Amino acid sequence: MNNWKIRLLSFLLFGLVFQVQAQEQLPLEQVLDSLETIHKVDFNYDPELISGKSLQPIDADLPLETALTILRQRTRLDFKRLDQTTISIVGVVSRFTLCGYLLDKDDQSPLAFASVQAGGRATISDDQGYFELIDTNPEALVQIQYLGYRTIKRQAKFFKSSCEPIYMVANQQQLAAVYLQQYLVKGVDKLNSGEYRIDFDKFSTLPGLIEADVLQAVQAFPGIQSVNETVSNINIRGGTHDQNLILWDGIKMYQSGHFFGLISVFNPQMNQQVVLTQNGTQSQWTDGVSGTIAMKTAGHVNPKFKANLGVNLINADLFLDLPITQQSSLQVAGRKSLSDLFTTPTFDAYFDRIAQNTEVTQQQANTVNTDQSFDFYDTSLRYLHRISDKDRLRANFLLINNKLVFTENAVLSSAVESRQSQVTQNSIAAGLQYIRDWSPNFQTELQAYNTDYILEAINANVQFSQRFLQENSVSETGAKALAHWQFNDRFKFSGGYQFIETKVRNLDDVDNPVVRTLSGEVVRIHSGFAGVALADQNSNWSGNLGGRYSYIPKFEEHIIEPRLRLAYAFTPELSAELMGEFKHQVTTQVINFQNDFLGVEKRRWRLANDSTIPILKSKQASFGLNYKKGDFLIGATAFIKDVNGITARSQGFLNQFEFSEANGDYQAYGLDLLIRQNLWRLQLWSSYSYLDNTYDFPSLLAERFPSNFDITHTVSAGIAYDHKGFKASIGANWRTGRPFTLPVPGSEIVGGNVNYGFPNQNNLDEFLRIDASAAYRFQTGRMRFQVAASVWNLTNRKNVLNRFYSVVSQQLTQVNQSSLGLVPNVALRMFY
């Protein structure tokens, strides 16, 4: 058959079929009437909704649900069953893609892993806070949840369809509001409460840090330093380290350093934020007459498995973030030194630093110390459970261990005898926290923790066949109940009760001859506290006003401590703040002898006894001005601080007062100045601190004299770069030398002892250290990597940190304690 005949026949057949189909089209109303008769149902609808619509009849043998599905597909209408016999017909609105970026309202930071639910479907936000739900019904109820933030509930049609930012408000917004953003570098802010916050998720970098070491990072702030370059001797405005309250998720810690102070015991992979307080402390915190360093782990439940593995020239570590259920997750981190496998030049430099001028390296006549080794590890755990939209549970656990061992060898009766000496420093801590949001404006919180610390040394003396055992232990249990009530957008009230029981035990045990001294002390404290926070977006004022009442039954002591922080903005650029506080603490560290615990960690914790060791009490006031315009910031704060009840044994004297039992006080006043400028992708900062810190020990000396921590001038400066995964920084730290005491010229030795002159009238040479660090993060497939390098003390300058004198063979000997020299470090980290 010809092609044209085939085409003609096909056209006629198509036309016939089309005509038949067209003839079978019935008005929708008739189709519905037929279905009502067949299935015994009623359709409710607006006649205008179906007017003009027609379709083919539906097979009478089909089930009703199948018929309704066909109707939805052919009419673009929605058929909703109201009950067994009634079906409502409504128009179908156009579905759309619901998307957006979830951000913190205060600092616009992305909120990762937030839960988004709509119409029975759910998703989570990514690292940038972005989420997406396609084919969303505009009438569907959308619920957005993120731990610590107010839940958002509204219909999808009220969200914009252009994927714009969606801002979430923290449950306790007023306490977390940012006062000065990027105070030092990226990720460092000053809050409305007067505290400084370091957010390590956003943190840039600081010179010399291979990782975000919390206790190294806080030393970048003006007014904070370490006179001996350790994280176990942080001095805040002239105070000693034991005057700092160190918290890890609300748990008080009595140990802060590995390598006996050279690196922090707190795993950088676990800590998300640290909040530093120098003055105007919130009324809920006690202890820490010099300052508070509060670390926080991440507060959101992670729905995805995350892990990273890192190694550097000192230790290796592993971090896991494990989703348990949709409402709970577990973080586990472990870190261990590499000394069991091999040692590196970096590890050796750290070991030499902690061992100098101790029994580990000091050789006596006919004795030789060998087989020196050091090992440390830590394990931390944090469990989160979102019981409901209103209830949250957090559990923490931390285990820390340091162990230094060496062998003392001596030739006795023509035979070599050896005995092992060691010193260990351990902590174990656990905490539990329960938070309930009764309403968007009212929240309660319950906390409980227990922390145990023990320092133990076994000193073996081969020549005298003697073993000297020393122990110092602390066991503390604490419980706190507090409530936060947001009156309105301007005022919030916080208040509660706290109980703390602290036990301290000290043991000195000699086996030849047998001498044993054991002492134990217990102090219990009951406290109530309250405070009001003011933060008004429409006013120039902000601040906190509160107070704390404590009762110590053992001493029948009643202590009232007011707390204040008040800020006023003269202009958008210029503001002033006034801060003040009263504080107390019952724990302190003392040194009985310089060779205690092998001289490695010679401080031991003691409790106040209201006689030889008084309760420490402090008063502090400060006034500051801040000017910020664009990327330029300058801030200055003047302060004065009085601390009463210190003991001579807690100050680390190495002069004529080394063995004194006197009580006294110190007064410190000074000025902290910071200048910061951001240029392009560079962050530049410089700080200066002036400090006048003097002792008053009436039973030792009739007049005041300089403190052991009187560093008159301190200057630091740095520059940091952060862009597209690459971070780098370099900086310098300079300060005047630490005070020390010279022997009397011409009469240096009297009665076989050093004859010291007026205390602390001389200063060591100035201190200078230049540090640098860099890190680069990149991705290959599903794996991400980071390589990092740092150099501590780039110029290898030999800084003298302390100086004292001793008499050896009737000769005066000068002993210097030196800082770390040039110490490089490199690290590799893999992320999954």
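Reader: What ground rules apply here?
Author: It's a predicted model, where local features need pLDDT of at least 70, side-chain atom pairs count only at pLDDT 80 or more, and totals for chains, interfaces and linings use all residues. Residues are numbered from 1 along each chain as its sequence is written, and side-chain values use heavy atoms, with hydrogens and water left out.

Reader: OK, how many aromatic pairs?
Author: The count is 30, where rings of Phe, Tyr and Trp (its six-membered ring) pair if their centres lie within 6.5 Å; planes under 30 degrees apart are stacked, over 60 edge-to-face, the rest tilted.

Reader: Which residues form one aromatic cluster?
Author: Phe-259, Phe-260, Phe-347, Tyr-350, Phe-374 and Phe-376.

Reader: And what sits over the ring of Trp-438?
Author: The charged end of Arg-436, 4.4 Å from the ring centre. The rule wants NZ of Lys or CZ of Arg within 6 Å of the centre and within 35 degrees of the ring normal. Arg-803 also lies over a ring face, that of Phe-740, at 5.2 Å from the centre.

Reader: Switching to strands: how do E41 and E42 pair?
Author: E41 (residues 663–679) and E42 (residues 682–696) are antiparallel over 15 bridges. Strands are DSSP E runs of at least two residues, numbered from the N terminus, and two of them pair if DSSP finds at least two bridges between them.

Reader: What's in the turn?
Author: The hairpin has 2 residues between its strands, and Trp-680 in the turn has a positive phi of about 55°.

Reader: Which residue stands opposite Ser-689?
Author: Thr-714 in E44; E44 (residues 713–723) runs antiparallel to E42, joined by 9 bridges.

Technical notes. Helices (H or I, at least four residues) and strands (E, at least two) are DSSP runs, numbered from the N terminus.
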